[in-house]
Amino acid sequence: MRIQIINGPNINLLGKREPSIYGSVTFEEYLAELRKKYPDVELGYFQSNVEGEIIDIIQQTGFDVDGIILNAGAYTHTSIALQDAIRSVTSPVVEVHISNVHAREQFRHVSMIACACKGVICGFGLNSYRLALEALLDK
C-alpha cells in the first residue's frame, strides 16, 4: 500500500512552533516512528509553504497512491483551489490537524476542503496522522 502525506504551511516548524499546541517533536521524527510501525506501507512525504506546490503534489500522486493524508495548515480555511485539486484526483484524501481546530479561533472552525475529503481527523496531536493512516488501511 502506498500513502502520500502532504503537509502545508508552517508544519516544517514542528518541534519549534508553539510547542504548547503542536508539541516538541519534529514531523521527521514522528514520520520515522510511523514508518517503523507500518513497515508494509510505503509512506511518501511532502511539505511546502506554497499553495501551488501542494496542488501540484496532489495532482502528481493523487491517481497512483492508495490514499493521501493532508494537513493543509491554514490553507484549510481559505483554499477553494485545494478543494478543487482534491476533487480532481481518484485517491481518497483524509484531512488531518494536530490541534483541535474547533477549540481554537473561530476562523479555524471552517474547512474549505473537508467537503472534498473522505474524512477529517483533528485534535489528537501527531497521532492524527496515524488515525488517518488506519482509516485508509481499513477502507
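A residue counts as partly exposed when its relative accessible area falls between the buried limit of under 20% and the exposed limit of over 50%. Asparagine 10, with a relative accessible area of 35%, is therefore partly exposed. Keep in mind that this is a predicted model.

**The α3/α4 pair**
- Helix α3 covers residues 51-61 and helix α4 covers residues 80-88; their axes come within 9 Å and cross at roughly 5°. That angle makes α3 roughly parallel to α4.
- On the α3 side, the contact is made by Glu51, Ile54, Ile55 and Ile58, which meet Ala81, Leu82, Ala85 and Ile86 from α4.
- Sorted by type, the residues of this contact come out as 7 nonpolar, 1 charged and no polar.

- The buried residues of α3 are Ile54, Ile55, Ile57, Ile58 and Thr61. Looking down the helix axis, they fall within an arc of 165°, so they line one face of α3.
- What do the buried residues of α3 pack against? Their partners are the strands β1, β2 and β3 (67-71), plus helix α4.
- Helix α2 (residues 27-37) has Phe27, Tyr30, Leu31 and Leu34 as its buried residues. These sit within an arc of 100° when seen down the axis of α2, so they too line one face of their helix.
- The buried residues of α2 pack against β1, β2 and α5 (127-138).

**The salt bridge**
- How many salt bridges does the count come to? The count comes to 1, and the pair is glutamate 42 with arginine 2, at 3.8 Å from N to O.
- Glutamate 42 belongs to strand β2 (residues 42-47) and arginine 2 to strand β1 (residues 2-7), so the pair ties together parts that are 40 residues apart in sequence.
- Arginine 2 has a relative accessibility of 35%, so it counts as partly exposed.

**Asparagine 10**
- You'll find asparagine 10 in the loop between β1 and α1 (19-22).
- Its backbone is worth a look: phi of asparagine 10 is near 75°, a positive value in a residue other than glycine. For context, most residues other than glycine have a negative phi.

**Valine 96**
- Valine 96 is in strand β4 (residues 93-97). Its relative accessible area is 0%, so valine 96 is buried.
- Setting aside residues up to four places away in sequence, valine 96 touches Ile69, Leu70, Asn71, Ile121, Ser128, Tyr129 and Ala132.
- One of those contacts, Ile121, is 25 residues from valine 96 in sequence, with the two C-alpha atoms 4.8 Å apart in space.

**Serine 79**
- Beyond its neighbours within four places in sequence, serine 79 is in contact with Glu51, Met112 and Ile113.
- Serine 79 and tyrosine 129 are 50 residues apart along the chain, and 21 Å separates their C-alpha atoms.

Key. Residues numbered from 1 in each chain as written. Predicted model: local features only at pLDDT ≥ 70, side-chain atom pairs only at ≥ 80, totals over all residues. Heavy atoms only, no water. Axes fitted to C-alpha atoms, helices over the stretch in contact; angles between N-to-C directions. Helix = DSSP H or I, 4+ residues; strand = E, 2+ residues; numbered from the N terminus. Parallel < 35°, antiparallel > 145°, perpendicular 65-115°, else oblique. Contact = heavy atoms within 4.5 Å. Nonpolar A, V, L, I, M, F, W, Y, C, P; charged D, E, K, R; others polar. Salt bridge = Lys/Arg side-chain N within 4 Å of Asp/Glu carboxyl O. Buried < 20%, exposed > 50% of the residue type's maximum accessible area, 1.4 Å probe, protein only. Arc of directions from axis to C-beta.
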